[in-house]
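Good morning, colleagues. Please bring up the sequence and the coordinates, and I shall take you through the points I have selected.

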Amino acid sequence: MSTVAELSIAAPEARKAGNWLLVATVILLCVWVLLPIYLLIVNALSSPEQVTAFPKRFFPSFDFGSLSFFINFAGVAKALWNSVLVATLTMLLSIGFGAPAGYALSRFDFPGKETFRFLVLMTRAFPLPLLALPLAVMFIRTGLDDTAIGLALVHTTLALPFAVLITFSLFSGIPVELEEAAWTLGCTRLQAFRKVILPLALPGIAASAVFAFTISWNEVFAAAVLTIENRTLTAFLLQSLGESPLYLKFAGGAALVIPALIFIFAVRKYLFAMWGIANR
Amino acid sequence: MAEIVIKQVAKRFGGFTALHSIDLTITDQEFMVLLGASGCGKTTLLRIVAGLETPSQGEVWIGGRRVDHLPPRDRGIAMVFQNYAVFPHLTVFENIAFGLRMKKLPQQEVDGRVNRTAELMHIEQLLKRYSGQLSGGQRQRVAVARALAMEPDVILMDEPLSNLDALLRLEMRAELKGVLAASKTTTIYVTHDQVEAMSLADRIAVMHQGRIVQAASPVEVYRNPAARFVGSFIGNPPMNFIPATKTANGSWTVAGLTLPGPKSDKQTIEFAIRPEDVDAGNEGINATVRVVEPLGPHTLVTCDVEGGLFRAILESNAAVAVGDHLRLAPKPDRIRWFDPETTNAL
């Protein structure tokens with residue numbers, strides 16, 4: 001009996017301490033993630049003089065000098081176009097291959113299914129630098145080097161596991177009875193997919209597509225190794241901003257990070273679903 | 001006209017045999033209930049008729065046409081699922097119209113049929129709603145209406161009421177019976193609920209471990225179980241079984257009582273009687289009362305007979321107390337006998 005009484009007294013204090021710890025950790029993590037983004041945005045939106053000045057202003061001056069200089073910088077527009085092209089191709093390829101694989105994993109039992117799922121994850125186990133050199137050699141031989149499609153193929157291998165896993169959890173969440181009901185009501189397998197499964201899965205598939213786009217958008221290593229003339233934005237910035245003034249680096253960084261942030265924010269619900277976290 | 005003939009249908013999942021060679025004929029417009037505990041193969045059999053599962057062997061015929069190689073859409077069936085399977089992205093109207101649109105019926109015909117079946121299922125005020133805005137009972141009505149609107153030869157129902165609460169289930173049961181009888185379709189209905197089976201069926205097929213043990217009218221299944229399993233599965237409380245020893249040819253001793261019975265070479269067989277088919281009196285089976293449960297209309301008495309449990313349903317004014325010794329006389333025309341080895345009725 002005494003232990004129960006002690007526990008009930010100790011509990012509120014322990015909970016209070018636990019709450020403090022929780023709040024402190026949350027604040028620390030937020031600062032960790034948000035502070036660099038904040039500095040990036042403030043400096044990108046400040047005039048070149050303010051970037052190097054001290055002390056810093058808390059609010060940016062909304063001077064678009066740095067950004068407009070960056071946009072007009074030679075080669076940026078082309079790199080931006082290359083990035084969008086490669087990311088779009090990556091998106092189409094990873095959904096084109098990933099969604100059917102996700103559907104098959106969720107609906108059919110086939111020998112080696114578990115191994116297949118494991119292998120899908122395993123593709124992420126090889127560090128890209130390890131693959132990049134042989135790939136570069138192979139691409140030069142086949143003529144795929146320095147092309148948007150060649151880079152998109154590499155980015156697709158990076159994005160594909162996520163596309164498979166997201167669409168797998170997506171299709172698994174749609175009861176198979178809905179499909180079966182459609183079959184008994186006169187649909188072929190394809191019609192049932194188009195009329196029942198696709199409308200229900202479309203928002204998630206779009207999310208998965210955006211995620212693939214973002215992976216390609218952010219990728220720098222393969223882009224730097226496999227392209228020379230047709231650089232993507234990341235590779236271009238890596239190459240040319242090393243010697244640029246600080247305010248240009250901030251503008252370039254913001255131009256890269258902000259679209260990615262917006263994309264990920266838009267599809268966060270489905271990414272959480274992939275990792276099995278219930279949110280709502 | 002749609003008679004369903006199931007010929008030697010078997011289904012194996014890897015090493016597990018879900019169905020052993022099933023033979024069953026369901027006549028046109030008959031209401032056939034497949035009854036059994038979970039895992040007995042009843043849903044598998046239904047899904048084979050629907051075309052959602054392929055039999056490992058055997059044939060399925062619907063309306064004189066062999067269908068076991070046809071996809072579900074070409075079999076002239078409609079199905080109602082346990083979890084309703086109402087399409088969440090369509091309105092109730094479009095759900096009911098779904099199959100009609102697949103048939104490419106003219107809009108006028110679609111409107112007519114949807115409104116007619118919606119009215120029949122009392123959901124005409126819900127036609128513009130989505131499934132998320134409906135209760136379980138309403139979704140069930142939509143699922144049935146969607147099946148009926150197809151005007152199929154055969155309606156297949158897989159435990160359609162088991163997700164509803166008790167009161168709603170009772171109401172829907174009566175309504176389903178009326179609607180399906182009026183629609184003149186052949187129905188196969190899968191359930192594990194024996195009360196549902198008894199109240200709905202023209203004929204019940206009792207299934208056990210992948211076999212049909214008995215297929216007969218509800219009263220026949222209840223009164224004359226073809227096997228020990230049927231007697232012990234149907235009825236609440238189930239049948240009582242007591243070992244009987246041979247005294248002479250055609251004469252058996254059951255817990256101290258000598259009864260005329262079937263002629264058999266065996267030395268022991270099983271005597272069986274339903275709890276309501278015994279009377280407490282001066283002669284009969286020797287029983288010691290263990291539990292008395294007054295239930296209102298009658299009193300359920302659980303007794304000890306030769307070391308086994310024996311349940312008797314007595315009149316509610318019977319004065320019985322725990323520890324009493326009773327003599328329970330079985331009604332002669334209600335006594336059944338079973339072979340202990342084959343478990344079949346003798």
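I begin with Pro237(B), which sits in the loop between helix H8 (228-233) and strand S11 (240-248) of chain B. The model before you is a predicted one, and in it the peptide bond that joins Asn236(B) to Pro237(B) is cis, with omega at about 0°.

The chain is split into domain 1, covering 4-233, and domain 2, covering 240-338. What distance separates the C-alpha centres of domain 1 and domain 2 of chain B? They lie 39 Å apart. Along its principal axes, the C-alpha atoms of chain B fill a box of roughly 75 × 45 × 35 Å. Chain B contains eight helices and 20 strands. Of its 346 residues, 41% count as buried. If we take the contacts in chain B between residues at least 6 apart in sequence, 63% of them join residues at least 24 apart.

Let me turn to the sheet in chain B. Six strands form an open sheet in the order S6-S7-S8-S3-S9-S10, and the pairing is mixed. Strand S6 (77-80) and S10 of chain B are the edge strands, each pairing on one side only. From one strand to the next, the twist averages 15°.

Strand S3 (residues 31-35) and strand S8 (residues 186-191) of chain B run parallel and are joined by five bridges. Within this pair, Val33(B) has Tyr189(B) in S8(B) as its bridge partner. Strand S9 (residues 203-208) and strand S10 (residues 211-216) of chain B, on the other hand, run antiparallel, and five bridges join them. Here Ala205(B) is partnered by Ala215(B) in S10(B). S9(B) and S10(B) form a hairpin with two residues between the strands, in which Gln209(B) takes a positive phi near 50°.

H4(B) lies across S6 and strand S7 (154-158) of chain B, and its direction is at about 180° to that of S6(B).

Two further backbone angles in chain B deserve attention. Most residues other than glycine have a negative phi. Is His122(B) buried or exposed? His122(B) counts as exposed, because it has 12 C-beta neighbours inside 10 Å. Thr343(B) likewise has a positive phi, near 60°, and is found in the segment after strand S20 (336-338) of chain B. Thr343(B) is partly exposed, because 16 other C-beta atoms lie within 10 Å.

Next, the place where the two chains meet. Contacts link 13 residues of chain A with 19 residues of chain B. On the chain A side, helix H8 (176-184) and helix H9 (189-218) each supply at least two residues. H8(A) gives the most, with six residues. Sorted by class, this side of chain A has nine nonpolar, two polar and two charged residues.

Which residues touch the most other members of the largest nonpolar core? They are Ala212(A), Leu156(B) and Val206(B), in a core of 131 residues. Helix H7 (residues 148-172) of chain A provides the largest share of this core, 14 residues. A second, separate core has 20 residues, including Met239(B), Ala272(B), Phe310(B) and Leu314(B). To return to Ala212(A): apart from its neighbours within four places in sequence, Ala212(A) is in contact with Thr90(A), Met91(A), Ser94(A), Ile95(A), Ala159(A), Phe162(A) and Ala163(A).

Leu105(A) is buried, because 22 other C-beta atoms lie within 10 Å. Not counting residues up to four places away in sequence, Leu105(A) touches Lys113(A), Arg117(A) and Phe168(A). Although 67 residues separate Leu105(A) and Ser172(A) in sequence, their C-alpha atoms are 8.6 Å apart in space.

Key. Residues numbered from 1 in each chain as written. Chains lettered and ligands numbered in written order. Predicted model: local features only at pLDDT ≥ 70, side-chain atom pairs only at ≥ 80, totals over all residues. Domains from an automatic or database assignment. Helix = DSSP H or I, 4+ residues; strand = E, 2+ residues; numbered from the N terminus. Pairing = 2+ DSSP bridges. Contact = placed C-beta atoms within 7 Å. Nonpolar A, V, L, I, M, F, W, Y, C, P; charged D, E, K, R; others polar. Core = buried A, V, L, I, M, F, W, Y, C linked by C-beta atoms within 7 Å. Axes fitted to C-alpha atoms, helices over the stretch in contact; angles between N-to-C directions.
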